[in-house]
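Student: Hey, I've just opened this one and I'm lost. Can you walk me through it?

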Amino acid sequence: MTELERYKYDVLVIGAGGAGLRAAVEAREAGLRVAIICKSLFGKAHTVMAEGGAAASMGNVNSGDNWQVHFRDTMRGGKFLNHYRMAELHAKESPDRIYELEMWGALFDRTKEGKISQRNFGGHEYPRLAHVGDRTGLELIRTMQQKIVQLQQKDAREYGDAQANIRVFAELTITEIIKEGGKVAGAYGYWREGGNEVLFEAPAVVIATGGVGKTFKITSNSWEGTGDGHALALKAGANLVDMEFLQFHPTGMVWPPSVRGILVTESVRGEGGVLTNTLGERFMFKYIPEVFKDKYADNEEEADRWYLDQDNNRRPPELLPRDEVARAINSEVKAGRGTEHGGVFLDVSKRIPAEVIKKRLPSMWHQFYELAGVDITKEAMEVGPTCHYVMGGVEVEPDTAAAVGVPGLFAAGEVAGGMHGSNRLGGNSLSDLLVFGRRAGMGAAAYVKSTTPVAVSDASVKAAADRIQAPFTRAGGENAYSLHQELQEVTHNLVGIIRTGSELQDAIGKIAEIRKRSQNVSVAGDRKFNPGFHLAFDLDNMLLVAESTAKSAIAREESRGGHTRDDFPGMSDKWRQVNHISSYNGSEVVVREQKLPALPKELFDLFDVHELEKYMTPEEIAKGGSN
Amino acid sequence: MARKVNLRIWRGDSNSGSLQNVEVDANEGEVVLDVIHRVQATQMGDLAVRWNCKAGKCGSCSMEINGKPRLACMTRMSSFEEGEEITVTPLRAFPVIKDLVTDVSFNYKKALEIPAYEHPADLGPGEARMEQIDVERSQEFRKCIECFLCQDTCHVIRDHEENKKSFAGPRFFIRVAELDMHPLDMLKNRKRTAQEEHGLGMCNITKCCTEVCPEHIRITDNAIIPMKERVVDVKYDPARWLGSKIRRREG
């Protein structure tokens with residue numbers, strides 16, 4: 001065993017996607033020493049996959065837009081289960097975060113007047129997404145990556161060491177958040193390259209690890225989306241809120257198998273893409289829910305006119321929120337009107353000239369041409385739902401991103417819960433990363449300045465080290481790859497897009513069974529860049545996340561957003577007032593109910609009361625807001 | 001539908017290594033990375049390979065396939081003949097860590113050497129106005145997914161370790177070009193620094209980098225050649241030289 005590497009920082013950021021990098025920049029600019037940890041190389045985070053754009057009500061394309069409209073859209077999209085304060089902060093601060101990126105060198109697409117251009121997206125009333133073709137996420141990551149390089153160049157000039165105050169630890173896995181005396185003291189992990197262990201002592205830890213997609217069989221997420229932060233937070237004593245809500249993006253690729261699940265951006269529909277079944281029907285008109293009837297066109301003529309005149313026509317139903325479109329596609333396929341590969345057709349070729357498609361959707365063209373042999377300027381794409389995003393996540397204080405119940409722990413981005421309620425609107429994720437990444441950095445900086453760091457004890461180090469060594473000490477145990485596949489089968493079949501009580505019960509039993517067997521995983525080979533070894537820890541995280549999701553899902557006896565119960569098909573006023581809080585008791589996940597914070601009067605009054613009547617109880621309406 | 005394919009995978013570390021033959025199933029529509037994953041899950045649990053998005057967007061799974069720098073996620077199995085042997089080896093320009101994984105830290109060091117974007121001091125949030133046509137020139141280079149295939153294939157450093165110190169490589173020439181063409185960037189003399197400090201002059205425009213770029217960025221034509229031309233102009237034309245001294249920015 002080589003000697004333990006030890007580092008001391010003020011703030012440790014776990015995750016180098018949009019939220020993590022934004023948090024790191026903020027904490028560093030507050031004068032603190034910051035370490036950024038990533039499982040991959042720097043700049044490869046899943047944020048690079050985000051295509052459509054970042055939602056911010058700058059009003060550059062339609063001056064009617066403002067934060068209040070954005071707030072309303074976000075709450076509607078989340079079916080009013082969002083934490084109102086997060087949705088409010090997000091809507092108010094997104095424009096500033098976009099402008100800030102521009103000042104760091106980002107190059108967004110422009111309007112004719114030379115302002116940042118904004119595009120239409122599902123659930124957004126006005127064109128709102130700042131974008132760079134269909135590679136907006138890459139632009140965000142690169143801009144912040146280069147901002148960090150700039151901070152390092154400054155430190156190199158001032159201190160002779162680029163890594164003096166901000167350092168990226170790439171290809172390193174954190175296995176544990178260490179607490180001493182009830183508050184965060186640091187984190188423990190290992191270098192993926194050599195397997196040698198590392199201790200970080202830091203009074204504040206920001207979790208920004210992204211999502212959980214790899215828990216599922218068909219997902220748009222990369223291997224990194226294994227719910228690490230969700231599990232680390234649970235084990236450190238934090239809560240997860242509403243883990244039953246998973247977003248199945250309606251349009252993932254379904255063919256060929258190698259690309260199954262990979263995202264087809266919503267911009268394809270935003271730019272005029274139409275969904276049809278194998279009978280050639282434009283089926284979305286059949287699936288407009290009651291609550292959205294006044295905003296979406298119920299006939300093709302009006303839907304088509306909307307692309308030319310948005311003020312006098314209702315939107316095409318292809319642009320309904322993602323949960324609605326995913327369920328519609330699922331129903332069409334189940335009714336036998338799907339393609340042989342289990343999808344439906346998405347066609348942009350009949351509406352837009354080839355050169356415009358290549359210009360506006362360049363990576364989509366590239367992705368289909370190179371990976372599926374399909375030229376989307378001439379043919380339809382085959383698409384179907386794919387597990388894309390988890391709305392549930394770490395319960396946080398909205399203003400500081402502090403994890404409830406664990407002093408020194410913060411969470412931002414996909415790993416945090418509450419912001420998106422039961423369903424996230426497209427484009428609200430990139431802006432979420434920026435708004436709450438910054439707030440987590442600020443929150444952590446304020447906390448560090450007001451607390452005294454505690455040292456990590458030898459006992460904590462030993463316990464963390466023993467856990468890493470364990471899979472090597474077991475010979476002939478379970479294979480992590482097979483257990484992962486088994487878990488994916490269970491979640492796909494029993495905790496997927498349509499759920500029922502009996503199947504969820506079955507899933508809870510099966511997940512517990514796999515978790516038991518996973519305690520006996522053994523690893524072949526040594527510690528050096530060994531994917532089997534790495535998966536052993538990822539698997540443990542995914543199992544806890546799946547347990548939390550299944551247990552929250554069985555408790556919620558209604559259908560709302562990213563949670564659809566075949567046995568409880570409607571939305572219920574009662575359940576809208578309930579958050580599910582998952583915690584970990586040392587052996588299993590326990591789920592309890594907690595009351596959702598009510599809208600304060602000034603936000604309540606932003607809505608037409610008749611709209612709120614569709615979601616709220618008469619008592620809530622009569623009260624007219626919480627203050 | 002599955003067919004058997006023969007893969008030769010380089011396995012080893014910085015000390016030693018060799019090609020190992022393995023027979024594995026390949027299904028219709030799969031790419032090389034799928035097949036490598038199958039080998040990993042069924043035959044070599046500790047086979048080291050980097051990957052992330054599996055959609056050609058993150059630039060992690062760079063390796064050499066039959067000697068050519070490629071992304072494994074974008075190389076379709078159907079591009080090989082029936083029975084053709086497929087050899088996968090780590091990137092040659094960088095030191096091997098294990099199996100198909102190399103130490104690419106050279107690139108991150110070079111990134112630190114390129115001076116950052118400088119925003120105009122008098123331009124506040126939301127005040128920037130730029131024409132689409134002007135941002136598009138830099139946007140082409142900002143498509144870069146940092147797969148480093150261009151760095152790997154560039155013969156200035158591929159077999160010349162000694163050149164690495166003074167040569168930033170194509171990835172960072174497009175970074176300089178991107179900043180140089182950025183409508184708002186205020187830093188002066190980017191082209192000259194590229195020439196004098198980052199080794200632009202060592203490039204003899206064989207276009208190998210452009211050929212391997214999975215994003216189809218015209219590295220040589222749109223970044224390197226224009227910068228070389230302008231450097232020559234600025235350096236050897238006395239009138240231009242004088243102009244660059246009085247104007248806000250060089251050439």
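**A sheet in chain A**

Tutor: Let's start with an open sheet of 4 strands in chain A, ordered β17-β12-β19-β20, with antiparallel pairing. Strands here are DSSP runs of E with at least two residues, helices are H or I runs of at least four, and both are numbered from the N terminus. Two strands pair if DSSP finds at least two bridges between them. By the way, this is a predicted model: local features need pLDDT of at least 70, side-chain atom pairs count only at pLDDT 80 or more, and totals for chains, interfaces and linings use all residues. Residues are numbered from 1 along each chain as its sequence is written, and chains are lettered from A and ligands numbered from 1 in the order in which they are written.

Student: OK, which are the edge strands?

Tutor: β17 (393–394) and β20 (589–595) of chain A, each of which pairs on one side only.

Student: And how many bridges join β12 of chain A to β19 of chain A?

Tutor: There are 2 bridges between β12 (residues 240–241) and β19 (residues 578–584) of chain A, and these strands run antiparallel. Val241(A) has Ile581(A) in β19(A) as its bridge partner.

Student: Which helix lies across β12, β17 and β19 of chain A?

Tutor: That's α5 (residues 228–235) of chain A, running at about 75 degrees to β19(A). Helix α15 (residues 531–555) of chain A packs on the sheet too, touching β12, β19 and β20 of chain A, and its direction makes about 45 degrees with that of β20(A). Angles run from 0 to 180 degrees between N-to-C directions, and axes are lines fitted to C-alpha atoms, for helices over the stretch in contact. Contact between two residues means that their C-beta atoms, placed from the backbone, lie within 7 Å.

Student: Switching topic: is β7 of chain A mostly covered or uncovered?

Tutor: Mostly covered: in β7 (residues 166–170) of chain A, 5 of its 5 residues are buried. Buried means 20 or more other C-beta atoms within 10 Å of the residue's own, exposed means 12 or fewer, and partly exposed is in between, with C-beta atoms placed from the backbone.

Student: Which way do they point from β7(A)?

Tutor: Ile166(A), Val168(A) and Ala170(A) point one way, while Arg167(A) and Phe169(A) point the other way. In a regular strand the side chains alternate between the two faces of the sheet. As for its neighbour, 5 bridges join β3 (residues 34–38) of chain A to β7(A), and the two run parallel. One of the bridge pairs is Cys38(A) with Ala170(A).

Student: What about α13 and α14 of chain A, at what angle do they pack?

Tutor: α13 (residues 480–494) and α14 (residues 501–518) of chain A pack at about 170 degrees, with axes 10 Å apart. That makes α13(A) roughly antiparallel to α14(A); the label needs an angle over 145 degrees, while under 35 is roughly parallel, 65 to 115 roughly perpendicular and the rest oblique.

Student: Zooming out, how many helices and strands are in chain A?

Tutor: Chain A has 19 helices and 20 strands, and 61% of its 627 residues count as buried. Chain B has 10 helices and 7 strands, with 48% of its 251 residues counted as buried.

Student: How many residues does each chain give to the contact?

Tutor: Chain B gives 45 residues and chain A gives 51. On the chain B side, the elements that give two or more residues are α1 (32–42), β6 (96–98), α2 (105–113) and α3 (132–142). α3(B) gives the most, with 5 residues.
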